[in-house]
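Please keep the sequence and the structure in view while reading.

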Amino acid sequence: MNKKLLTIDLLDNVNEITMRFFNNHNFTKKEIIINEGIRCFIIYVNHIADRRYIEECIVHPLLFFIKKPLNQDKNLLSELMMKYLVSSSCERSESIEFLCASLLKGKSIILIEGYAEAIICNTASDNYRAIEESSTEKSVKASRESFVENIEMNITMLERKISSHSLKVDKYILGDITQTPVYLVYIDGIIDAKVLENIKVRISSVKTPSMLSAGFIEQFIDNYTLNIFPTAKSTERPDKVAADLLEGKASILVAESSSALVVPATFIEFFQGFDDYSQRVFIATFSRILRLIGVFLVLILDPIYLVVLAYNSELLPFKLVAVLIDSRLNIPLPPFFEILGMELAVEILREGGLRLPSPIGTTLAIVGGLVIGDAATRANLASYSTLFVVAITVISSFLIPNYEMALSIRLLRFPLLLLAQIFGFYGVIFGVYLMLIVLIKMESFGVPYFSPIAPVRQKDLKDFLIRFPLMRTIKKPKSYEITDKGEDQDEQGE
């Protein structure tokens, strides 16, 4: 299909573009006469383009700065761009589709009588939300900046933190209808060439009518669409992205989205906080151990509690068993439905709190939990011991620093609870074993997901559970490089 092109008839060109913006009340066109009777139309979409900038830097120069007669030849457009238009970015195009797409990105086009080309000026409005502190990723010692919806500003924040010519930015246009700019940011010479090629191939293969957020592209480039574990890390903080770029990863930023994707990602890094590298070795190590204990409790505390109540009460001391039996007197529900009901109630409260303003949502989660827990115990629908176990599980889930991984871990406790009800302790072991198999088999853009454990990368174990001194861990990790099996075996043997 041939693309529609401009002609030398000015009114036909204006009408052709106007028809494509039918019923768009922000569509604006202004006719002016420049120099010695040369008709000209300036077209833009109000509110997307900066009207004051257009008046000061385009309309005013064309009307009042041109003192000498203009030569109406093929160099007229170039003369206007170089001498009179104050816009920082100007280009020429004859494609009507490209001109219309440019208008929707805040640019203005100048159509001149007798020319089958138009001048495109960058007049996009910078009326975006100001840079603020992230409300979901708090930090004690790190920067307070967070990404905004202006993708140029997001790129600028990264360039300020990494002032190197090796920082590369590749641009893609995704979405057949939305025509959304997507940027791939990486540091040339640090990122592994095979990993970079995998990322570029995945992005280039995306075919979709719309691309509205970073969450969209995360699902399109993920090979494991039905997998519960995230293979890309999402963040709103530019300092986190800069640190990941220096480790050999890449970042994907989507226009009009205030979060960035970091790829590739390994399982263990979802439990490492950015503040770990700003704290003392023992404090950072203690925090990491607490997080892993929290993950352990979220996954198996409920199933183990169910197994002890339903199958293997002999594993506990007699006095503790007596306390559990006493707390379950007059409870009509079986232990499985008792635990499941309380866990679902907690998840409903948590999900409801997310949809409300922050102060109200927090109050709902706390007060609602207290009211429901007290009502359940008074109505003999749940025991005090069950409430205690569920409360420990909920609090432990807050230790996971990454929200998407926290959702995955919280969801996994329900299948483990079902396995514990059907098969007892063997079901819990089978469920954990199955999770480990999945984690070991997974890859993130060619990088083993369970690295540096499987395969073993001894040098990267210094930043695994125990965080060694910073001067020994600040080097580029080997986990984010694609190596063959022979190289992995050589490293394990060292």
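Pro264 sits in the loop between strand S10 (260–263) and helix H9 (281–310). Here helices (H or I, at least four residues) and strands (E, at least two) are DSSP runs, numbered from the N terminus. The model is predicted: local features need pLDDT of at least 70, side-chain atom pairs count only at pLDDT 80 or more, and totals for chains, interfaces and linings use all residues. Residues are numbered from 1 along each chain as its sequence is written, and side-chain values use heavy atoms, with hydrogens and water left out.

Most residues other than glycine have a negative phi, and most peptide bonds are trans. Val263 and Pro264 are joined by a cis peptide bond, with omega at about -10°. Another cis bond runs from Ala454 to Pro455, where omega is near 0°. Pro455 belongs to the loop between strand S12 (447–448) and helix H16 (470–473).

Two residues other than glycine have a positive phi.

| Residue | Phi |
|---|---|
| Glu256 | near 65° |
| Asn330 | about 70° |

Glu256 lies in the loop between strand S9 (250–254) and S10. Is Glu256 exposed or partly exposed? With a relative accessible area of 48%, Glu256 is partly exposed. Buried means under 20% relative accessible area, exposed over 50%, and partly exposed in between (1.4 Å probe, protein chains only). Asn330, in the loop between helix H10 (318–327) and helix H11 (335–354), is exposed, with a relative accessible area of 65%.
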